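Visitor: Please show me the chain. I have a few questions about it.

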Amino acid sequence: MPTAPRHAAAILLVSASGLRSTEIVRAVERGRDCDLARLLVNGEVSGGLVKALGRLGEVLWEAGDYARFLALFAEPEAGRVLRHMKVIAADRLALIGALPEALRRSGIIAHLPGRAVAVEELVVAFHLARRIHGAGEAAAMEPGRQCVCPVRYGR
C-alpha cells in the first residue's frame with residue numbers, strides 16, 4: 001500500500017471516527033482524496049492533505065504525532081508550510097508545534113534549528129519581546145523586522 005493511504009488508515013484506526021475496519025479499507029483503497037481528507041478531519045479541509053500524508057515517510061507514527069500533524073495542517077500558515085515541505089517528520093512537527101502560532105511562518109520554520117533547546121529559547125525570546133514591546137503580535141515582531149529591514153536615514 002502506498003504511503004499516503006497507509007498513514008490515512010492509521011489515522012482513522014486510532015481516531016474516534018466510528019468507522020468499521022471494512023469502511024476504512026474501502027475509503028483508503030477506493031475513495032477520492034477529498035473524501036478521504038474529510039474523513040480524516042471530520043469535515044472540511046483545505047486541499048493537499050492526502051498529498052502531504054505521502055511525505056510522512058514509510059514508518060507509521062504514534063497517535064499523538066498524527067494529532068499534531070492534523071492540528072498544524074488545519075492552521076493557515078502552518079498548513080501552508082506543511083504543504084510545501086519535501087519530507088514531513090514527526091520530530092520536526094514537534095518542534096514546529098512548540099512554537100507559538102505567531103511564529104509558525106515559512107520564513108521562521110525554514111530556519112528553525114533541529115534542537116528542542118534552541119526552539120525553547122526562541123519561544124522564551126518571543127515571549128520576552130511581547131512582554132517588553134506590548135502584548136500584540138505585531139509589536140513583538142517589530143524589533144526583529146527592524147533588524148532585517150532597518151529604517152533608512154532621511155525617511
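Guide: First, a term: a residue counts as exposed when its relative accessible area is over 50%, and as buried when under 20%. Note too that this is a predicted model.

Visitor: Which exposed residues does the face of helix 9 turned away from its buried side carry?

Guide: Start with the buried residues of helix 9: Ala118, Val119, Val123, Phe126 and Ala129. They cover an arc of only 145° around the axis, so they sit on the same side of helix 9. The face turned away from that buried side carries Glu120, Glu121, Arg131 and Ile132.

Visitor: What distance separates the end C-alpha atoms of helix 9?

Guide: Helix 9 has 18 residues, 116-133.

Visitor: Is Leu128 buried, partly exposed or exposed?

Guide: Leu128 lies in helix 9. With Val124 and Ile132, Leu128 makes a nonpolar surface patch of about 300 Å². Its relative accessible area is 44%, between the 20% and 50% cut-offs. That makes Leu128 partly exposed.

Visitor: How far apart in space are Arg55 and Lys86, C-alpha to C-alpha?

Guide: Arg55 lies in the loop between helix 4 and helix 5, and is buried at 17% relative accessible area. Its contacts include Arg83, His84 and Lys86. Arg55 and Lys86 are 31 residues apart in sequence, yet their C-alpha distance is 6.7 Å.

Key:
Residues are numbered from 1 along each chain as its sequence is written. This is a predicted model: local features need pLDDT of at least 70, side-chain atom pairs count only at pLDDT 80 or more; totals for chains, interfaces and linings use all residues. Side-chain values use heavy atoms; hydrogens and water are left out. Helices (H or I, at least four residues) and strands (E, at least two) are DSSP runs, numbered from the N terminus. The expected span of a helix is 1.5 Å times one less than its number of residues. Buried means under 20% relative accessible area, exposed over 50%, partly exposed in between (1.4 Å probe, protein chains only). The arc is that of the directions from the helix axis to the C-beta atoms. Patches are made of residues with over 30% relative accessible area and no salt bridge: like charges are joined within 9 Å, nonpolar side chains (Val, Leu, Ile, Met, Phe, Trp, Tyr) within 5 Å. Accessible areas come from the Shrake-Rupley method with a 1.4 Å probe; for residues, only the protein chains shown count as cover. A salt bridge is a side-chain nitrogen of Lys or Arg within 4 Å of a carboxyl oxygen of Asp or Glu. Contact means heavy atoms within 4.5 Å. Lists of a residue's contacts leave out its neighbours within four places in sequence.
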